[in-house]
Amino acid sequence: MPVPTIADPGPSVAPGGSKPPAQPSQKSMTKAERRELQEKQRAAKLAQKQQPAGSMAPKNKPPTTPKKAAFGETGGVKHHGLVPKDVHANAVADDKTSGKPISRGLQIFSHFGLPKPIGHTVKGDIHPEIIRLGLLFSEFKICGANARAIATLTTFKKVIHEYTTPAHNTLSRHLMTHLSPQITHLVSARPMSVTMGNAIRQLKLDISAVDIDMVEADAKTHLNHQIDNYIRDRIILAGEVITGLAGKKIKDGDVILTYARSSIVEKVLLHAREMGKRFSVIVVDSPPLLEGKILLKNLTSAGIPCTYALLPAISSLLTEASTVFIGAHSIFSNGAVYSRAGTALVAMMAKGHGVAVVVCCETYKFSEGVMVDGFGKNELAPSRVTRSTGDAKAVSPALNLETLNPLYDLTPPTFITAVVTEVGLIPPSSVSSIPLALGRTL
Amino acid sequence: MAPDIARNTASQRSVEVLASKLRRRQLVGSRTTALETVLVLRQVVSKARFSNLEQLVDIIRNAGRKLVEAQPKEHSVGNTVRKVLHHIREEYHTATRGTSVVPTAPSYSIAKFVSQGQPRKQITAPKAESKGTIKEHDANDPDSFAKGLKPVLMEAIQDVLDELETVYDNISKNARDHIHSDEIILTLGMSKTVEAFLKAAAHHRNYTVIVAETAPSYDGREMAKSLSSAGISTFLVPDSSIYALMSRVNKVIIGAHAILANGGMFAITGSQIAATAARAHSTPVVVCAGQFKLTPLWNLYHEYGALDFGNPSDVLGFEEGDLVDKTDVVNPYYDYVRPELIDAYITNDGDHPPSSIYRLLKETYDDEDTEL
């Protein structure tokens with residue numbers, strides 16, 4: 001079974017999990033041989049660890065990875081390098097020997113994927129800029145679909161700049177293989193966002209379209225331009241068009257409600273304020289990330305009167321709101337909005353109160369495929385990020401107690417009134433026809 | 001008369017003490033306030049001097065009014081007063097009639113219904129001339145009435161107290177019928193009733209509980225700790241993920257602060273979004289609440305549940321410095337949940353749908369007590 005060498009996000013399959021870092025030793029074995037090796041390793045560890053078998057600590061790490069490995073079907077899909085995997089194989093072995101069934105809850109949420117620990121191993125020849133970016137991602141210092149896409153593309157510009165084609169190779173073919181471990185490293189830091197995936201797919205298209213006869217320096221400059229154009233056209237300019245379009249929907253005296261922090265909604269509100277409209281904003285926020293506070297800071301410094309509350313209070317606030325503006329991480333073909341966890345609740349309550357829900361989303365965020373609930377693809381925030389909110393009452397995982405922090409959820413299209421894209425205001429049902437109408441695949 | 005005054009002021013003092021505790025929010029929580037109210041009323045009744053029922057009712061009503069005015073948002077105070085009054089009237093009728101005065105089950109026939117309208121619980125006025133063992137208005141011995149009736153009254157109040165003390169046990173009695181194996185239950189906030197309910201079911205069933213943190217009070221964390229220490233597999237999640245996880249949740253079980261006359265309820269903020277999300281997924285919403293939470297009250301005019309607000313610094317603290325100046329911070333403490341969002345109330349007196357709450361109210365309280 002050929003292990004894919006390029007970490008392709010793939011058209012419709014959720015790229016939520018990570019792709020295997022190319023393990024030459026394992027690649028050369030067949031599936032049966034690999035399973036044998038794993039069994040042997042596990043038995044060896046089991047024999048070693050029989051003494052402290054009573055410890056309950058392994059239970060804290062949901063054994064998602066070793067479960068997949070044990071079943072052998074996904075043959076070689078791993079989240080981490082080899083070392084942490086053995087520890088997890090241990091955990092499974094311990095649980096099985098102690099006779100206690102792994103608590104059911106872990107099985108339901110196991111496909112969400114384990115939140116990555118910090119010091120993930122760096123495999124192979126990774127550009128230092130990529131390492132830096134991976135660290136920023138895993139620490140949630142760069143957070144948000146647009147921010148991550150722009151950061152990724154900018155970093156890749158640097159990588160391409162410092163790349164030299166080895167002898168007997170063409171840039172168009174070799175550059176891909178050069179980039180794929182970098183991409184894998186980023187994905188291992190934090191699962192790929194749809195925006196990153198789309199941007200990288202476009203980049204690959206551009207790379208493969210480079211003329212074989214082009215001088216390397218020219219080719220690199222060309223790619224540089226392509227990346228710049230992509231960022232400029234599909235992210236920044238699109239953002240400005242959306243700002244103008246959505247701004248028209250804000251009238252004097254409006255009360256706009258928004259949730260968490262969407263970069264594009266922030267731009268819309270600030271732009272409308274610059275245009276001289278008088279309106280007020282309700283910022284609804286939710287722990288643990290509490291991103292809304294930053295939005296609140298930016299809006300109040302622009303002089304917009306704001307109200308701030310947490311998510312459970314939303315039913316009291318919606319009586320005052322005239323429109324709800326939300327951002328999206330991505331939109332699926334059926335018009336379902338994949339966005340920060342909590343957005344679905346906001347949209348649901350707004351619909352119940354008869355308040356219009358407007359989603360601001362650039363077309364490069366569109367994703368093929370259909371998702372029906374927040375379970376199909378999601379990401380758990382690692383506990384180090386959630387604990388940084390510094391609560392005295394914070395709960396540490398104990399026996400029978402796990403914390404889950406899904407980062408995203410899916411808002412069904414029935415709760416959405418309109419989607420503002422750079423091509424205009426569309427109803428959520430028309431999302432699937434936009435790429436076609438624009439004459440491109442995505 | 002001096003000893004009388006002394007006795008009266010003693011009970012007055014206890015009422016004042018409780019009223020100031022309520023006003024200062026030193027006493028919070030429906031069950032605790034209900035218990036304290038019963039104890040104070042017991043003291044008031046034991047020290048009270050009256051020669052007929054109306055006087056006693058007035059005394060109790062006055063005490064009750066003071067307490068309710070001290071803290072109108074703790075509905076269980078008023079409910080307990082009404083309950084005590086109801087029991088007292090019942091016991092009085094039993095005592096004066098000699099035999100049980102509860103009207104024999106009225107024959108419900110269509111003809112009667114058409115001619116007389118809806119059958120209502122008969123509240124017969126105490127007939128002064130009906131003699132049982134109690135003599136009212138005895139000029140020679142003004143205390144005889146009171147003395148004769150007091151043991152009966154004490155029993156009545158003791159009944160109310162017993163009911164309050166066994167609330168958790170009675171509600172948890174049928175817990176295992178409501179929760180099946182391998183279910184996933186969603187709950188939020190810290191409700192001792194729900195906690196007892198879930199722990200009782202855990203003895204018989206193996207299931208998982210998802211607890212929403214319920215910011216900004218973060219009561220959910222306490223609940224999660226308590227449940228997990230009882231051996232229930234628990235997941236603590238932030239409120240934002242309620243919708244995301246709802247597709248896997250089999251039941252939503254929440255507690256109530258007060259049950260209103262239309263079948264709706266006041267509950268901790270967050271209950272409204274959980275119930276609405278459950279409705280969107282057709283997941284049943286079950287509320288565990290003691291009968292002392294039944295309130296003859298309607299929420300007609302405002303969305304802010306019970307008009308009670310928590311500390312805004314829990315939402316945006318002063319460490320945010322200049323933000324605090326420029327923003328309005330809202331922190332409502334309660335939500336109002338419409339009766340359409342609730343599927344069942346599990347009370348210590350059985351399970352009821354929201355549509356029959358009005359009937360429960362009629363049976364538990366007397367109409368004239370709605371306004372204390």
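**View 1. The two domains of chain B in the predicted model.** Chain B is divided into domain 1, made of residues 1-99 + 135-165, and domain 2, residues 179-369, with bounds that come from an automatic or database domain assignment. The model is predicted, so that local features need pLDDT of at least 70 and side-chain atom pairs count only at pLDDT 80 or more, while totals for chains, interfaces and linings use all residues. Residues are numbered from 1 along each chain as its sequence is written, chains are lettered from A in the order in which they are written, and side-chain values use heavy atoms, with hydrogens and water left out. Taken over C-alpha atoms, the centres of domain 1 of chain B and domain 2 of chain B are separated by 31 Å.

**View 2. The contact between the domains of chain B.** To this contact (heavy atoms within 4.5 Å) domain 1 of chain B gives 17 residues and domain 2 of chain B gives 20 residues. The size of an interface is often given as the accessible area lost when the parts come together. Between domain 1 of chain B and domain 2 of chain B the buried area is about 1,700 Å², with 48% given by carbon and sulfur atoms; buried area here is the accessible area (1.4 Å probe) that two parts lose on being put together, summed over both.

View 3. Cys288(B) has Ile346(B) as its bridge partner in strand 11 of chain B.

View 4. Thr307(A) lies in strand 3 of chain A, which spans residues 306-310. Because its relative accessibility is 17%, Thr307(A) counts as buried, a term that means under 20% relative accessible area (1.4 Å probe, protein chains only). Leaving aside neighbours within four places in sequence, Thr307(A) is in contact with Val281(A), Ile282(A) and Val283(A), and also with Asp328(B) and Val330(B).

Key
Helices (H or I, at least four residues) and strands (E, at least two) are DSSP runs, numbered from the N terminus. Buried means under 20% relative accessible area, exposed over 50%, partly exposed in between (1.4 Å probe, protein chains only). Two strands pair if DSSP finds at least two bridges between them.
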